[in-house]
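Here are my notes on the model, as numbered points. Please read them with the coordinates open.

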Amino acid sequence: MQSFYVYRYVDEKTKEIVYIGKTSQLFVTDRLDQHKTDNVGIWASTTPHYIEFVELPREEDMTYLESYLIRKHKPKLNIVLMAQ
């Protein structure tokens, strides 16, 4: 059975959510590793942070929750969905 995840990077000092993402990869860490060369990875390499994630049963739930959380929290590193 496949699992679906929504994750968020949180600034440890300010508790600000700076990025929200989703993945259906078997290991959430595989997706997080892909951020090493983008804006999220650059931010994460210089800022103390932690990552929270939630497992969801369906892909539709994952997509809806990610979109909802981005619109609610307006994370500074989520550029694409915030522009819509």
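1. The side chains of K22 and E66 meet in a salt bridge, 3.6 Å from N to O. The term stands for a side-chain nitrogen of Lys or Arg within 4 Å of a carboxyl oxygen of Asp or Glu. K22 sits in strand β2 (residues 17-23) and E66 in helix α3, and 44 residues separate them, so the pair links distant parts of the chain. Helices (H or I, at least four residues) and strands (E, at least two) are DSSP runs, numbered from the N terminus.

2. A caution on what is being read. This is a predicted model, where local features need pLDDT of at least 70, side-chain atom pairs count only at pLDDT 80 or more, and totals for chains, interfaces and linings use all residues. Residues are numbered from 1 along each chain as its sequence is written, and side-chain values use heavy atoms, with hydrogens and water left out.

3. E66 is buried, at 9%. Here buried means under 20% relative accessible area, exposed over 50%, and partly exposed in between (1.4 Å probe, protein chains only).

4. How many salt bridges does the structure hold? There are three. R8 pairs with E52, and their closest N and O atoms are 2.6 Å apart. R8 belongs to strand β1 and E52 to strand β3, so this bridge ties together parts 44 residues apart in sequence. R8 is partly exposed, with a relative accessible area of 25%. E52 also counts as partly exposed, at 29%.

5. R58 and D61 form a salt bridge as well, at 2.9 Å from N to O. R58 is partly exposed at 45% relative accessible area. D61 is partly exposed at 23%. As background, side chains of opposite charge can pair when their charged atoms come close.

6. Now the overall layout. The chain has three helices and three strands. From the N terminus, the order is β-β-α-α-β-α. Of its 84 residues, 37% count as buried. Take the contacts with a separation of 6 or more: residues 24 or more positions apart account for 60% of them. Contact means heavy atoms within 4.5 Å.

7. Then the rings. The structure holds six aromatic pairs. Rings of Phe, Tyr and Trp (its six-membered ring) pair if their centres lie within 6.5 Å; planes under 30 degrees apart count as stacked, over 60 as edge-to-face and the rest as tilted. Y5 and F53 are edge-to-face, 5.8 Å centre to centre with 70° between the planes. Y5 is in strand β1 (residues 4-11) and F53 in strand β3 (residues 49-56), 48 residues apart. Y5 counts as buried at 10% relative accessibility. F53 counts as exposed at 52%.

8. Y7 and Y9 form an edge-to-face pair too, at 6.2 Å centre to centre and 70° between the planes. Both are buried. Ring pairs link Y7, Y9, Y19 and W43 into a cluster.

9. Last, T63 in helix α3 (residues 59-73). T63 counts as partly exposed, at 35% relative accessibility.
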